[in-house]
Amino acid sequence: MSPVVHMMLFQCINFGKEILQEMDGFWQALGRAVGLIVGGDAELIGIVGLSLRVSLGAVAVACLIGLPLGAAVGAFRFPGRAAASVVLNALMGLPPVVVGLVVYLMLSAAGPFGVLGLLYTPAAMTIAQTILVAPIVAALTRQVVEDLDREYAEQFASLGVGPLRRLTALLWDARYALLTVALAGFGRAVAEVGAVMIVGGNIAHATRTMTTAIALETSKGNLELALALGVVLVAIAVAVTGAAMTLRASAARLAYA
Amino acid sequence: MIRRAPVLLLAALLAGAAAAEERFIILQSTTSTRNSGLFDFILPKFRASTGIEARVVAVGTGQAIRNAARGDGDVLLVHDREAEERFVAAGHGGARHDVMYNDFAIVGPAADPARIAGARDAAAALAAIARARAVFASRGDDSGTHKAELRLWRAAGIDPAAHSGTWYRETGSGMGATLNTGVGMGAYVLTDRATWIAFGNKRGHRIAVEGDPRLFNQYGVVAVSKARHPRAKAALARRFVDWILSDEGQAAIASYRVDGQQLFFPNAARRGRVR
């Protein structure tokens, strides 16, 4: 073997070893993170619980606003309807940091809603995420409802269905597609870090979520632990989505049985 | 019932926020004090002693001061004396007290392209970095550390902003994020010693310059003024300031160690003794 090839081989092996060591660190950290959850570590479970509470709360409120709003834009003809659709679609891209900043200025003691004392609380985080999620729910609902309305238009016309009845019928018949819409909103909320960081403050045992904890561990240089927490976050998102899809499947079976 | 669930959820969220309001204060502070683990160590002692929970919002000194100046906090614990005194002079806070100190250091890659390892003159070291056009990662975020770095550049007679984007790179983020960036691109970084010792991603980086008196890093505490900000919890904030300046609080700071090293050195003025 020539010395050059020997050198290269040696370097490759060394490089491989380094990667394996890094992976080792990651697997250890992941094992630790999973161990903390399974072992019922109060701190990590608190963080996971707060993430779910804030993000699911935001999705619930966003659905209360976004479903009727999106359905109305999708089903009714009115002046400015095209513009409304464009605005809804554009608002899907709201930058979380900007939303966080605006909500911070609103809730700050020096702001118009300062008297409520909501800054640095989970309620403030829920409000910020609701603003992020509501346009997604509304815009996607508009599309779903508009498509369905085209299909139903003749029936509605022949039966002389009133506007409110029409909305509820469309929303109800689109419910499975709308579950996916809600899940898209949940994905946005639970993965978002910019807004909750500003309005929540990433306070230990009070407003620390999975994403702000990941940002914190990264800034401490604990990259493996940060990555492991990221994997836990993805696992939680999969679990929530899985639960919703299972619910949907069994509901559909019941409906068509 | 199902239809009302989201409303109930929202109500529960708001009620929860209101109920938990009584016995805690918001402490606007810096990333160095939080990331080094100091608060995790001393705040439980403060709580055990007074029953008050201190909730830490850890941001750069500049942002912490601005947040407190808007009334979003009860106590300020940061490290930029001039800015703290301006905060007090503007009526946002009561008296400012020295709490503790540590020092800054310039860390850099093992290869040491600017040949500054072991130097004691921090300004001369920065001048050498500029001459070598070696990469330097700056906080660039108006934090206490950033201000200290800018003072050193001024002492060296160099305007780093003129080189922004070339060898001088402003990350615009916290200490830890800047250290991650600096380690990633083999840059020199000015860091406080506490964050550096507790930092977990050093790779080949090591301390190049330390020990210059200009690298002294003083932390101060100020209670937010109730006269200016009616929502500030002045009584609870007062107890925090009293505690951290007391023998008990100062001893707690002194006893915090990472890898056997003391990270912060208490230096509050003793009661009745003028410094």
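What covers the buried residues of α4(B)? The cover includes β1 (24–29), β2 (53–58), β3 (75–78), α5 (81–89), α7 (144–156) and β9 (216–224) of chain B. Before going further, a word on the model: it is predicted, so local features need pLDDT of at least 70, side-chain atom pairs count only at pLDDT 80 or more, and totals for chains, interfaces and linings use all residues. Residues are numbered from 1 along each chain as its sequence is written, while chains are lettered from A and ligands numbered from 1 in the order in which they are written.

Back to α4(B). Of its 9 residues, 7 are buried, so this helix is largely enclosed by the rest of the structure. A residue is called buried if 20 or more other C-beta atoms lie within 10 Å of its own, exposed if 12 or fewer do, and partly exposed in between, with C-beta atoms placed from the backbone. Helices (H or I, at least four residues) and strands (E, at least two) are DSSP runs, numbered from the N terminus. The buried set in α4(B) is made up of B:Thr61, B:Gln63, B:Ala64, B:Ile65, B:Asn67, B:Ala68 and B:Ala69. Just past the helix comes B:Gly71, with a positive phi of about 90°.

Chain B as a whole is split by the domain assignment into domain 1 (24–102 + 218–266) and domain 2 (103–215); such bounds come from an automatic or database assignment. The C-alpha centres of domain 1 and domain 2 of chain B are 26 Å apart. Where the two meet, 19 residues of domain 1 of chain B are in contact with 15 residues of domain 2 of chain B, contact being counted when C-beta atoms, placed from the backbone, lie within 7 Å. On the domain 1 side, α2 (31–35) and α4 (61–69) of chain B are the elements that give two or more residues. The largest share of that side, 3 residues, belongs to α2(B). By type, the domain 1 side divides into 5 nonpolar, 12 polar and 2 charged residues. Here Ala, Val, Leu, Ile, Met, Phe, Trp, Tyr, Cys and Pro count as nonpolar, Asp, Glu, Lys and Arg as charged, and the others, Gly among them, as polar.

Another spot to look at in chain B is the meeting of two helices. The axes of α3 (residues 38–50) and α10 (residues 234–245) of chain B come within 11 Å and cross at roughly 115°. These axes are lines fitted to C-alpha atoms, for helices over the stretch in contact, and the angles run from 0 to 180 degrees between N-to-C directions. On the α3(B) side the contact is made by B:Phe46, B:Ser49 and B:Thr50, and on the α10(B) side by B:Arg239, B:Phe240 and B:Trp243. Together these residues divide into 3 nonpolar, 2 polar and 1 charged.

Helix α10 of chain B also holds B:Ile244. B:Ile244 is buried, because 26 other C-beta atoms lie within 10 Å. Leaving aside neighbours within four places in sequence, B:Ile244 is in contact with B:Val99, B:Val221 and B:Gly249. B:Val221 is 23 residues away along the chain, and its C-alpha atom is 8.8 Å from that of B:Ile244.

Two loop residues of chain B are worth a look too. B:Arg214 sits between β8 (206–209) and β9, and it is partly exposed, with 13 other C-beta atoms within 10 Å. Not counting residues up to four places away in sequence, B:Arg214 touches B:Ala122, B:Ala123, B:Leu152 and B:Ala155. B:Arg133, in the loop between α6 (122–132) and β5 (136–138) of chain B, has a positive phi of about 50° although it is not a glycine.

Turning to chain A, 26 of its residues are in contact with 27 residues of chain B. Helices α2 (42–75), α5 (122–159) and α9 (210–219) of chain A each supply at least two residues of the side that touches chain B. The largest share, 4 residues, comes from α2(A). This side of chain A divides into 14 nonpolar, 11 polar and 1 charged.

Helix α10 (residues 223–256) of chain A has 34 residues and reaches 49 Å from its first C-alpha to its last, close to the 50 Å expected at 1.5 Å a residue, where the expected span is 1.5 Å times one less than the number of residues.
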